[in-house]
Amino acid sequence: MTTAPLLEVEGLQVHYPVHRGPLQRRVGTVRAVDGVDLTLARGETLALVGESGCGKSTLGRAVLRLEEPTAGRVAFEGRDLGALGKAELRDARRRMRMIFQDPQASLNPRFRVEDIVGEAYDIHGLSRQERAAGVRELLALVGLSPEHARRFPHEFSGGQRQRIGIARALALHPSFVVCDEPVSALDVSVQAQVVNLLLELQEKLGLAYLFISHDLHLVEFFADRVAVMYLGRIVETAPAKALYRRPRHPYTRALLAASPSLDGEGHHRRAPLQGELPSPLAPPPGCTFHPRCPFAVDRCRAEAPPLRDLGDGVAARCWRAEEIEATGGLLAPAHA
Amino acid sequence: MIAFLRFLLLTGRWFALLGVGVIALFLLAAVCAPLFFSWEEATRVNLGDALAAPSAALPLGADEMGRSMVARLVWGARVSLLVAGLSVGVALIAGLVIGGLCGFYENRLTFVTMRAMDAIISFPRILVAIMLITILGPGIVSLTLAIAISSVPVFARLFRGPVLSLKKRDYVVAARSLGAGDGRLLFRHVMPNLTALIVVQGSISLAEAVLIASGLSFLGLGPQPPVPEWGAMIAQSRSHLMSTPHVVLAPGIALFVFVLALNLVGDGLRDFSDPRASGTGGR
């Protein structure tokens, strides 16, 4: 059996016009997502990693069509989401879902848990009985008890609220879930529980995750593949193991250096990233990473590198990926 | 309602409580007007009693046409409440629809609509109302309509702001991601957050509407004689202010007390709905 990918994203762009002045004249464009290709197989976890403001959340929303893409194509379960009518899109939404970063903000404070979790049943026209049974099952699935159904979100702790958010996302058996930093608003002690719950559910229900995170070391434990995003573009994508063992793009190296790993290894080894994320309104010419890259040469400043295939499922958007890799990152900084 | 009264009692907001009492009294008078005084008593000309001083039969005396002041005040409360209540109700609904839609959908059409609202707001409300009555002709219906239309932009602008930010809340996006349509998002997730604002602004607008209605009636743009209306009563009797002040002061004081009571209750409602002041609001 040939397995067509569950999700296929091609050349996805989300650009925001910026209007200024009394006449609301268009003065520029923010390229939040600027040409992203992704594929995701059934039951797979793809981690999408990058600094805040790099466009990863926008990408996640655009994939689900919660954000209207400017260009590009998203095919989900073989259907082009952009070509679907209203009713068909609603139908597709039975199969793709989202878990939000802030469990407080993502639950309507006026709704009871049963109404939050059961809303999908109402929207898709299922009966009262089906809904009640579904809610009961979903609450059990995420480790909440049936009596929680009558309560309001504010009666729960952060971790429990995120469980409610997860239960809502799993209503009607989706096959694909975008997890938008699902644990970064939680206490460290609760983070592991929620991640474990997500993994358990993936196992049980055969879910595919697009797991958005700013923390490379968090996703190391469960991602099948990792895509690193910078200024609206994917700069490196690789199987998780390969990425952590041999990061190819200088940005990936910097991210790995910046985030403390649990075993302490490699903690202070590399210099952290210098400078700030450039404004997406006026991205630098050439490789967008060159102003912060210790290895940048003239070519990087003039010519934007494509996402180059480096073999073994690894691709990086860097002219010097092989060079840097060969010297183990000890290559003399270009502008020293 | 009971929660509101308990809140006022527990936090010692005596003025607001007083306001509630006064409004209840006026409401009772307006609703039960026909039980106390016949329409005849309020409108029949009886020149024998013209400008009579207060007595047992005529507790507040009579006006220059010999009509009982109490009867006219009570029937006048009916007119004022009807005009103010209806006009605020209509304006509130229209404002919710326009503000809600213009906040939820941001496009050229809604942009132009809101700029039109701004244009109307830039005129004093009473001027807009006068203009509308000039077109519609004087009377209770056109008075109500004029006040309603002149306050729609205020409501539309007031409600648009929160809708603009509410529609971006995560839980609204979450509902959309489940497949919810615009109607569900707007009515189930966005609009319910406006209730506190509606109640508070509604009570304050009611006071404003009563004042504007009286002002317009004073100018002769409201209900025509012999219909009793406080503003019109003041206008009719104003030449007797020096000789028999009660015929002018009675409707004036009624108007003053009623508007003050509405404002006091409005303040109480605002405190009640502010979670920082009461600790019972949403969130």
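What follows is a working chat about a predicted model with chains A and B.

Colleague: Start with chain B. How many helices and strands does chain B have?

Modeller: Chain B has 14 helices and zero strands. Read along the sequence, the pattern is one α after another.

Colleague: What does the C-alpha trace of chain B span?

Modeller: About 75 × 50 × 30 Å along its principal axes.

Colleague: And what share of chain B is buried?

Modeller: Buried residues make up 42% of its 283 residues. Take the contacts in chain B between residues at least 6 apart in sequence: 66% of them join residues at least 24 apart.

Colleague: Which UniProt annotation covers part of chain B?

Modeller: The UniProt record, an unreviewed entry, gives "domain: ABC transmembrane type-1" for residues 77-266 of chain B. That span is 79% helix and 0% strand. The C-alpha atoms at its ends lie 19 Å apart.

Colleague: What does UniProt place on chain A?

Modeller: "domain: ABC transporter", at residues 18-256, again from an unreviewed entry. Here the span is 37% helix and 25% strand. Its end C-alpha atoms are 33 Å apart.

Colleague: Now the interface. How many residues of chain A are in contact with chain B?

Modeller: 20 residues of chain A, against 16 residues of chain B. On the chain A side, the elements giving two or more residues are β6 (96-99) and α3 (113-123). The largest share comes from α3(A), with three residues.

Colleague: What about residue classes on that side of chain A?

Modeller: Nine nonpolar, three polar and eight charged.

Colleague: β6(A) came up there. Where does β6(A) sit in its sheet?

Modeller: At an edge: β6(A) pairs on one side only, and so does β11 (308-311) of chain A. The sheet is open and has eight strands, in the order β6-β7-β8-β3-β9-β10-β12-β11. Its pairing is mixed. Neighbouring strands are turned by 20 degrees against each other on average, direction ignored.

Colleague: Parallel or antiparallel for β6(A) and β7(A)?

Modeller: Parallel, over four bridges. Met98(A) stands opposite Val178(A) in that pairing. β7(A) also pairs with β8 (residues 208-213) of chain A, in the parallel sense over five bridges. There Asp180(A) stands opposite Ile212(A).

Colleague: And at the other end, how do β11(A) and β12(A) pair?

Modeller: In the antiparallel sense, over three bridges. Asp309(A) stands opposite Ala315(A).

Colleague: Back to β7(A). Why is β7(A) called largely enclosed?

Modeller: Five of its five residues are buried, so the rest of the structure largely encloses β7(A). Phe176(A), Val178(A) and Asp180(A) point one way from the strand. Val177(A) and Cys179(A) point the other way.

Colleague: Which helix lies across β6(A) and β7(A)?

Modeller: Helix α5 (residues 158-170) of chain A. It runs at about 175 degrees to β6(A).

Colleague: Which residues touch the most other members in the largest nonpolar core?

Modeller: Leu48(A), Phe211(A) and Val228(A), in a core of 168 residues. Helix α5 (residues 69-104) of chain B gives the most to this core, 17 residues.

Colleague: What does Phe211(A) touch?

Modeller: Setting aside residues up to four places away in sequence, its contacts include Leu46(A), Leu48(A), Cys179(A) and Val219(A). Thr45(A) and Ala223(A) are also among them.

Colleague: Next, α9(A). How many of its residues are buried?

Modeller: Eight of the nine residues of α9 (residues 250-258) of chain A, so this helix is largely enclosed by the rest of the structure. Among the buried ones are Tyr251(A), Arg253(A) and Leu256(A). The buried residues pack against several elements of chain A, including β3 (45-49), β9 (225-230) and α11 (321-326).

Colleague: Last one. Is Ala71(A) buried or partly exposed?

Modeller: Partly exposed. Ala71(A) has 14 other C-beta atoms within 10 Å, and a buried residue needs 20 or more. Ala71(A) lies in strand β4 (residues 71-76) of chain A.

Colleague: What is Ala71(A) in contact with?

Modeller: Leaving aside neighbours within four places in sequence, Gly11(A) and Gln13(A). The C-alpha atoms of Ala71(A) and Gln13(A) are separated by 5.0 Å, though the two are 58 residues apart along the chain.

Notes: Residues numbered from 1 in each chain as written. Chains lettered and ligands numbered in written order. Predicted model: local features only at pLDDT ≥ 70, side-chain atom pairs only at ≥ 80, totals over all residues. Contact = placed C-beta atoms within 7 Å. Nonpolar A, V, L, I, M, F, W, Y, C, P; charged D, E, K, R; others polar. UniProt positions renumbered as here; feature names shortened; annotations may be inferred. Core = buried A, V, L, I, M, F, W, Y, C linked by C-beta atoms within 7 Å. Buried ≥ 20, exposed ≤ 12 C-beta atoms within 10 Å, placed from the backbone. Pairing = 2+ DSSP bridges. Axes fitted to C-alpha atoms, helices over the stretch in contact; angles between N-to-C directions.
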